[in-house]
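Dear colleague,

Here is the structure we talked about, with the sequence. My notes on its charged side chains follow below.

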Amino acid sequence: MKARYPRRGVYLLPNLFTTASLFAAFYAIVASVHGHFRMAAIAIFVAMILDGLDGRVARMTGTQSAFGAEYDSLADVIAFGVAPALLVLLWGLQDFGKLGWLGAFVYTACGALRLARFNSQVHSASKRYFQGLPIPTAAAVLASLVWVAVGERHPWLTRVAEILALVLVYLLALLMVSNIRYRSFKDFDPHGRVPFALAIGFVLILALIAVHPPLVLFSAALLFTLSGPLLTLWQMRQHRLLRRRHGHH
């Protein structure tokens with residue numbers, strides 16, 4: 001009987017990371033309400049790191065469970081759906097009236113739909129690709145945009161950021177529920193050999209993040225967001241070329 005107790009204790013570990021992620025998300029909501037937008041944006045990124053760790057810990061310790069997956073998904077709705085939507089709404093979307101708060105709601109609803117679809121297809125979906133933009137990436141785009149804008153001292157740049165945020169909440173919402181494929185990098189083996197150039201690239205990215213964290217994080221999240229539609233267009237072009245070749249034969 002004694003041998004069963006450690007296993008029950010080990011199952012706690014990934015769920016503790018999920019709870020910590022949820023705490024960071026709740027803190028982001030409270031900070032947004034009090035107008036501390038920079039702290040709220042940083043808290044969303046902290047939630048993102050903790051969310052990444054809970055799955056890793058569960059896989060490493062062999063403690064994946066249906067309960068853990070459901071709890072993680074519910075925490076994700078709050079951390080990457082509600083928290084960034086509320087942050088961007090209270091920071092800059094209120095100026096746009098109904099268009100602003102509806103955009104924040106549409107973003108949250110599409111994020112929840114994206115997670116529900118992911119959970120229902122988790123056993124049948126491709127490991128190499130995600131269907132639709134992952135919600136943490138969408139949250140990263142919004143949180144880093146606010147983080148960049150809060151540091152700006154030029155009113156016109158803040159206004160540009162607000163207009164961009166309004167466009168992005170609707171665009172990110174559509175991308176999350178779309179069928180556009182995004183690379184998951186789940187087939188990437190961290191224990192295997194990596195090209196030397198990739199290792200140098202990783203070091204350079206870390207150095208850039210240290211120089212200007214919000215701008216680099218915003219650029220990286222936006223590039224990944226655009227990579228899906230660009231990959232789709234490239235694949236469509238490849239299919240057309242193949243059809244033409246077969247047509248000539």
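Is E162 buried or exposed? E162 is buried, because its relative accessible area is 9%, and the cut-off for buried is under 20%. Please keep in mind that this is a predicted model.

E162 forms a salt bridge with R159, and the closest N and O atoms of the pair are 2.9 Å apart. Both residues lie in helix α6, three residues apart, which is about one turn of the helix. R159 itself is partly exposed, with a relative accessible area of 38%.

R159 also meets the side chain of D95 in a salt bridge, at 3.8 Å from N to O. This pair links distant parts of the chain, 64 residues apart: D95 sits in the loop between α3 (66-91) and α4 (98-121), and R159 in helix α6 (residues 155-177). D95 is exposed, with a relative accessible area of 55%.

The count of salt bridges comes to two. Through shared partners, salt bridges join D95, R159 and E162 into one network.

R243 counts as exposed because its relative accessible area is 66%, and the cut-off for exposed is over 50%.

Best regards

Key: Residues numbered from 1 in each chain as written. Predicted model: local features only at pLDDT ≥ 70, side-chain atom pairs only at ≥ 80, totals over all residues. Heavy atoms only, no water. Buried < 20%, exposed > 50% of the residue type's maximum accessible area, 1.4 Å probe, protein only. Salt bridge = Lys/Arg side-chain N within 4 Å of Asp/Glu carboxyl O. Helix = DSSP H or I, 4+ residues; strand = E, 2+ residues; numbered from the N terminus.
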